[in-house]
Amino acid sequence: MIEVGSVLVHEDLIENDFVCNLSKCKGACCIEGDAGAPLKENELAILEEIYPKVKPYMTEKGIMAVEEYGTHVIDMDGDLTTPCVDGNKECAYVTWENGVTKCAIEKAYELGDIHWKKPISCHLYPIRTTAYPEFDVLHYDRWHICKDACSFGKELQVPVYKFLKDPLIREYGEEWYQELENTVASL
């Protein structure tokens, strides 16, 4: 582990390459898994507030899920997550464009309807965060559905942490990211 401020960064984020390859996976991370996207406590009020502006971009099934369960749920492990469609694995906020998943929240953001891109867990994926009271631990979540992203990242020689520069800055700030880059350069 590498310590950067109050964050422990697993070496896998530096040693492994990754670049999303939506043409291959079609956004499977938004429709696979055993629960919706993890949410932070401070994101709950944001979801409630933006839902009316995100709703026009959602699928009918997604809207039905949010109307039935709410803008967030507590999963079987007791974690806050986005609701899923029909009790299966598809996030309620998924929309489709040309056979590829797209986040309805992110679409509303890109069109200027809202000022919040999407849950940080989605923005950071495949980085997963374990939060402790005094520090966070960032680790690489390996998932077979991302094999094309791994090979594409290797082809382009882009480490996980560089591919996710923007969400890392969103979560921890420019100074923190610069410290991460300086630490990696000194290894």
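The model is predicted.

- Strands of a sheet pair through backbone hydrogen bonds, in either the parallel or the antiparallel sense.
- β2 and β8 pair in the parallel sense, over 3 bridges.
- Val7 has Asp136 in β8 as its bridge partner.
- β7 and strand β8 (residues 136–140) run antiparallel and are joined by 5 bridges.
- β8 is mostly covered, with 4 of its 5 residues buried.

**Helices α9 and α10**

- Helix α9 spans residues 165–172 and helix α10 spans residues 174–185.
- Their axes come within 7 Å and cross at roughly 125°.
- That angle lies between 115 and 145 degrees, so α9 and α10 are oblique to each other.
- On the α9 side, the contact is made by Lys165, Leu168, Ile169 and Tyr172.
- On the α10 side, Glu174, Trp176, Tyr177 and Leu180 take part.
- By class, this contact has 6 nonpolar and 2 charged residues, and no polar ones.
- Pro167, Leu168, Ile169 and Tyr172 of α9 are buried.
- The cover over the buried residues of α9 includes strands β2, β7 and β8.
- That cover also includes helices α6 (120–124), α8 (160–163) and α10.
- Just after α9 comes Gly173, with a positive phi of about 100°.

- Asp12 lies in helix α1 (residues 12–15).
- Its relative accessible area is 16%, which is under the 20% limit, so Asp12 counts as buried.
- Leaving out residues up to four places away in sequence, Asp12 touches Tyr140, Arg142 and Val160.
- One of these, Tyr140, belongs to β8 (residues 136–140).
- Another, Val160, belongs to α8 (160–163).

**Cysteines**

- A disulfide is a covalent bond between the sulfur atoms of two cysteines.
- Cys25 is in no disulfide.
- For Cys25, the nearest cysteine sulfur is that of Cys29, 6.2 Å away.
- For Cys29, the closest cysteine sulfur is in Cys30, at 4.2 Å.
- The cut-off for a disulfide is 2.5 Å, so the sulfur of Cys29 is too far from that of Cys30 for a bond.
- Cys25 is partly exposed, with a relative accessible area of 24%.
- Cys29 is also partly exposed, at 38%.

- Most residues other than glycine have a negative phi, and most peptide bonds are trans.
- Lys26 is not a glycine, yet has a positive phi of about 65°.
- Lys26 lies in the loop between α2 (22–25) and α3 (44–54).
- The relative accessibility of Lys26 is 37%, so this residue counts as partly exposed.
- Gln157 is not a glycine either, and has a positive phi of about 60°.
- Gln157 is found in the loop between α7 (147–156) and α8.
- Gln157 has a relative accessible area of 65%, so this residue counts as exposed.
- Tyr125 and Pro126 are joined by a cis peptide bond, with omega about 20°.
- Pro126 sits in the loop between α6 and β7.

Notes:
Residues are numbered from 1 along each chain as its sequence is written. This is a predicted model: local features need pLDDT of at least 70, side-chain atom pairs count only at pLDDT 80 or more; totals for chains, interfaces and linings use all residues. Side-chain values use heavy atoms; hydrogens and water are left out. Axes are lines fitted to C-alpha atoms, for helices over the stretch in contact, and angles run from 0 to 180 degrees between N-to-C directions. Helices (H or I, at least four residues) and strands (E, at least two) are DSSP runs, numbered from the N terminus. Angles under 35 degrees count as roughly parallel, over 145 as roughly antiparallel, 65 to 115 as roughly perpendicular and the rest as oblique. Contact means heavy atoms within 4.5 Å. Ala, Val, Leu, Ile, Met, Phe, Trp, Tyr, Cys and Pro count as nonpolar, Asp, Glu, Lys and Arg as charged, and the others, Gly among them, as polar. Buried means under 20% relative accessible area, exposed over 50%, partly exposed in between (1.4 Å probe, protein chains only). Two strands pair if DSSP finds at least two bridges between them.
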